[in-house]
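Biologist: Could you walk me through this model, starting with the loops and then moving on to the core and the charged pairs?

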Amino acid sequence: MPLPRLVPAAAAETTETAALRAEVRAFLAEQLAEGAFVPAVDSWLCGWDETFTAALAARGWLGMTVPTEYGGHGRSFLERFVVTEELLAAGAPVAAHWIADRQIVPSLLKYGTEAQKREFLPEIAAGRCFFGIGMSEPDSGSDLASVRTRAVATQDGWRLTGTKVWTSGAHRAHAFIVLARTAPVDPAHRHAGLSQFIVRLDAPGVEVRPIVSMNGGQHFNEVILDDTFVPDAMVFGQIGEGWRQVTSELSFERSGPERLLSTFTLLVASTEAMAGNEIPRDPTLGRLVARVAGLHRMSTAVAGALERHQPADVPAAVVKVLGTATEGDIADFADLHTGDDSAIQSGYRDLLTAAVDQRPGFTLRGGTNEVLRGVIARGLGLR
């Protein structure tokens, strides 16, 4: 019996998307020439630059899939994919708006109330509203069903108590979407009784504590909710439907080009270094380029599936597993071929250092590869 196709076929690039890609590249070339940014590794996670975000918003490249009635631009997922892919390939600083534009926008369109859409979508599209995600918790790993943050109904709203961890950008964002338990755990249905809430990060009872990386950087945070009041108007989706909503949202988080392009700037720099005989020639580099090319097609195909409103959780898991493994292999390749050679140019050294520092997180964030292999196996009917 043949196995089902895990990733849908990718459509060929159209004249319109090719023109859009050229437009983005020209914009990025101008920004680089003006010194607006320095290409970086992991720029979608670490490159927080609200000025650059505002420049993208002015071009209409935020909120691209948001209908015009909500302040967006009514464009397709594939057009948005082209823009985000070019930004990531250039190592542009897009962290400020990334979660809001990637994950919150489609979630609001699918699950948000009319009031929530009108409040948040225009501000996200204008580059003025930034979001985080409150899923992970201490000691829970990737098992979201084990969350211990609780939401208790009260007059006109809910009281939330618990701790979220690895919340990217919480020290700068305006709000985050919190997954909490609204009903006791049912051992037979562990994913039942979960709900989501929009929580403002400056609300009373919210404390944001920085998690500083070993290299001194900060993008992760711990967020403590201490009897934090959330009005009924900020319930996100339906009470008790949190698990179904989260799994839908994760398709957007796992399928994008950021799951394969975090170290693309280092890959480009490696090809240039090899051409200039700064690092030894090795056919492994060609294989890495081929892997990225294949993943580009796969990620494009998933964007097309999302455009058609097709289920994409399993294809997204496939792209995420293969993409983050490739990102890490690029870092390892560069590290093995440079060592302590002082002749390596400082720009290349900076990219390499950042890639090696960030490398352990590639296969963890957005769901560990071990968990995602289980998602893939279930999609194949193997477990």
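**Loops, core and charged pairs**

Modeller: Trp166 sits in the loop that joins β3 (157–164) to β4 (175–181), where strands (E, at least two residues) and helices (H or I, at least four residues) are DSSP runs numbered from the N terminus. This is a predicted model, in which local features need pLDDT of at least 70 and side-chain atom pairs count only at pLDDT 80 or more, while totals for chains, interfaces and linings use all residues. Residues are numbered from 1 along each chain as its sequence is written, and side-chain values use heavy atoms, with hydrogens and water left out.

Biologist: What is the phi of Trp166?

Modeller: Trp166 has a positive phi of about 60 degrees, although it is not a glycine. Most residues other than glycine have a negative phi. Trp166 is partly exposed at a relative accessible area of 49%, given that buried means under 20% relative accessible area, exposed over 50% and partly exposed in between (1.4 Å probe, protein chains only).

Biologist: And where is Asn277?

Modeller: Asn277 belongs to the loop between α8 and α9, and its phi is also positive, at about 60 degrees, without Asn277 being a glycine. With a relative accessibility of 57%, Asn277 counts as exposed.

Biologist: How do α8 and α9 pack, in angle and distance between axes?

Modeller: Their axes are 11 Å apart and the helices pack at an angle of about 145 degrees; axes here are lines fitted to C-alpha atoms, for helices over the stretch in contact, and angles run from 0 to 180 degrees between N-to-C directions. Phe264, Leu267, Ser270, Thr271 and Met274 of α8 meet Leu285, Leu288, Val289 and Val292 of α9, contact meaning heavy atoms within 4.5 Å.

Biologist: Which residues have the most contacts inside the largest nonpolar core?

Modeller: Those are Leu28, Phe52, Val94 and Leu266, in a core of 49 residues. A nonpolar core is a set of buried Ala, Val, Leu, Ile, Met, Phe, Trp, Tyr and Cys residues joined through side-chain atoms within 4.5 Å. Helices that each supply at least two residues of this core include α1 (15–33), α8 (264–275), α9 (284–307) and α10 (313–338), and the largest share, six residues, comes from α9.

Biologist: What does Leu266 touch, leaving aside its neighbours within four places in sequence?

Modeller: Leu266 is in contact with Val41, Ile330, Ala331, Ala334, Tyr348, Leu351, Leu352 and Ala355. Apart from this core lies another, of 47 residues, with Phe130, Phe131, Ile133 and Ala180 among them.

Biologist: Changing topic, how many salt bridges are there in the whole structure?

Modeller: A search of the whole structure finds 18, a salt bridge being a side-chain nitrogen of Lys or Arg within 4 Å of a carboxyl oxygen of Asp or Glu. One of them pairs Glu13 with Arg21 at 2.9 Å, N to O; Glu13 is partly exposed at 43% relative accessibility, whereas Arg21 is buried at 10%.

Biologist: What about Arg118 and Glu114?

Modeller: Their side chains meet in a salt bridge at 2.8 Å, N to O, and the two residues are separated by about one helical turn because they are four residues apart in helix α6 (residues 114–125).

Biologist: And Asp139, which residue is its salt bridge with?

Modeller: Asp139 forms one with Arg148, the closest N and O atoms being 3.7 Å apart; Asp139 is exposed at 78% relative accessible area, and Arg148 is exposed at 52%.
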